[in-house]
Amino acid sequence: MNDPFTRLLRKTKLRLLQLHREANCGHIGGNFSCIDSLMTLHHLVMRPDDRFVLSKGHAAGALYVTLWSLGQLSDTDLKTFIADNTLLPGHPSGKGIPGLIFNTGSLGHGPSLAAGLALAARHKGLTHQIFCLCSDGEWQEGSCWEALIFSVHWRLENLTLLIDQNGLQGFGRTIDIISCDDLTPRITAFGADVQKVNGHDPQAIAECLKRPGIGLPRVIILETVKGHGLPFEHRLESHYLPFSEADYQAACETIEEDIL
Amino acid sequence: MRVAFSEAVLKKCNTNDWFFLTGDLGFMAFEEIQSTFGSRFVNAGVAEQNMVSVAAGLARESIRVIVYSIAPFCYARPFEQIRNDICMNNLPVCLVGNGGGYAYGHMGPTHHALEDCASMNSLGVRVLVPAFDDDLPSLLDQIDGPTYLRLGYDHRPPGQSVPVYAPWREIMPGNYGTIAALGPIAGIAWQALCDLDVDKRPSVWAVCEFNDSNIPDKFFRQVEDRPLYVLEEHVTQGGLGMNLAFSLFARKLVVSRFIHRPALGYPTGRIGSQSFHRSQCGLDFSSVRSMITG
């Protein structure tokens, strides 16, 4: 694949690597499990008035570079990432950056915030869509299920929750921590319109998101790999630890090889 | 005060830019709001965390939102949602906690709200503790940011009218010191002391907001070198007494005596009515009267 979007996606991934390397910032794995879906959503699906909430705020870097790829943040902006006097902290502050509506980072808030945005849009007769990206570990927060119950009851068809199901969380695998490696049956049981898709396939994600709704909130389970495409993918270390220089170089080479 | 609150909501908030969210409470009180507001009335169910964040989402789209529940379910359960989603974005959400203090008496400590004002003050939420039913319309007129409205009971003496709302109001003159009472406790002090001679009773101030800048100069002139009684159905930590002491200290004002009667929790380990708990804290009619008459 060498179409313009694919090239932009690779370029953005390299920028994400650079961002985290320069800032010596961790959470690389969770950023690389969702960068494909974030880029797909923002470039191929969302319209100008649509709203986006990053519930998994620890993927702030992926969101910042996505906004960079859209021209909404500059390289100068990105240089301030997790520096003093920045508008780009390690979890979004929700202030001063176009496209950032809320400060997120404490897990379990996004689905309810997005439900409120969806209810407001319906009340005002507006047709924009609300998208919210969560992590899979985040669904251990009870508030996510509160939001799901609420959204299904109120049939918030303008709401789409995306879940980055990479199977790894802070201190282990979800299967080992809560005996769940696939949220699909649980969320389906709550009555949402659920689809599962390869979270690293932009075309599949876009097709999934563009499919007409059925009058219910949609939940897209993104099957992903933590640290996808990097030499240390699917390893727990990628959740917290920043790159070593060797890891960074190896990661860049992996993505650049993909470009070539 | 719940019926008065309902009337005030219908009078002041029944426009297209207001939503009313309830955590499945309001039976035999909010039916008219429900029918009048239509789709702007949302029973969010027994899920207060979600309710508060949904309110933030609505408010982010320029809608003002009332969020109603029994007080502790309104400020304590969803504390982080209030902090992160409402306060950090300075959104116009009014959290309405019914039954401040020991108002839910026999229902037990889980339903009491003794530290609500301090909790909300610590987040920068504007805390409103109306003393009288008449205060509610003017308070609802002022919702333009994060707000906590603590509802209790109007205890004014029978047949009395109250002065127009102000954050600090002298509701009864007196020359024997000064009482500053938080919200409805002002009505108790008023009722307990109104038959005393003006020279043998303290003035009674109804305090409905904590902000230091709201305290009128007249209050400070009254209390200097004289006895000051502070009554509140709220714990000491972060309550009216502590805040007021700070205000006095900052102005280098000295009172001749500082008598503070806060909520004391559950000193005997027993649970009872609101009157029972107020009595244990010296906040009921007879305790307040004997505090002055000896």
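Predicted model: local features only at pLDDT ≥ 70, side-chain atom pairs only at ≥ 80, totals over all residues.
I'll start with chain A. Chain A has an open sheet of five strands, paired in parallel, in the order 1-2-3-7-6. On the edges sit strand 1, residues 51–54, and strand 6, residues 193–198, each of which pairs on one side only. From one neighbour to the next, the strands of this sheet are turned by 20° on average, direction ignored.

If you want to look at one pairing, take strands 1 and 2. Strand 1 of chain A is joined by four bridges to strand 2 of chain A, residues 130–135, and the two run parallel.

Now chain B. Chain B is divided into domain 1, residues 2–151, and domain 2, residues 168–293. Taken over C-alpha atoms, the centres of these two domains are separated by 26 Å. In the contact between them, 22 residues of domain 1 meet 25 residues of domain 2. On the domain 1 side, the elements giving two or more residues are helix 6 (116–122) and strand 5 (126–128) of chain B. Helix 6 of chain B has the largest share of that side, four residues. By class, the domain 1 side has twelve nonpolar, seven polar and three charged residues.

Chain B also has a sheet. This one is open, with six strands in parallel pairing and the order 2-1-3-4-6-5. Its edge strands are strand 2 (41–43) and strand 5 of chain B, each pairing on one side only. The twist averages 20° from one strand to the next. Five bridges join strand 1 of chain B, residues 18–22, to strand 3 of chain B, residues 64–70, and these strands run parallel. In that pairing, B:Trp18 stands opposite B:Arg64 of strand 3. Helix 3 of chain B packs on the sheet and touches strands 1, 3 and 4 of chain B, with its direction at about 170° to that of strand 3.

Next, the contact between the chains. 20 residues of chain B are in contact with 20 residues of chain A. Which elements of chain B give two or more residues to the side that touches chain A? They are helix 3 (48–60) and helix 5 (79–87) of chain B. Helix 3 of chain B gives the most, with nine residues. The chain B side has eight nonpolar, eight polar and four charged residues.

Those two helices also meet each other. The axes of helix 3 and helix 5 of chain B come within 9 Å and cross at roughly 10°. The two helices of chain B are therefore roughly parallel to each other. Helix 3 of chain B contributes B:Gln49, B:Val52, B:Ser53 and B:Ala56, and helix 5 of chain B contributes B:Gln81, B:Ile82, B:Asp85 and B:Ile86. By class, the residues of this contact are four nonpolar, three polar and one charged.

Last, helix 5 of chain B on its own. Its buried residues are B:Gln81, B:Ile82, B:Asn84, B:Asp85 and B:Ile86. These buried residues pack against helix 6 (110–124) of chain A, together with helix 3, helix 4 (71–75) and strand 4 (93–98) of chain B.

Note on methods:
Residues numbered from 1 in each chain as written. Chains lettered and ligands numbered in written order. Pairing = 2+ DSSP bridges. Axes fitted to C-alpha atoms, helices over the stretch in contact; angles between N-to-C directions. Contact = placed C-beta atoms within 7 Å. Nonpolar A, V, L, I, M, F, W, Y, C, P; charged D, E, K, R; others polar. Buried ≥ 20, exposed ≤ 12 C-beta atoms within 10 Å, placed from the backbone. Parallel < 35°, antiparallel > 145°, perpendicular 65-115°, else oblique. Domains from an automatic or database assignment.
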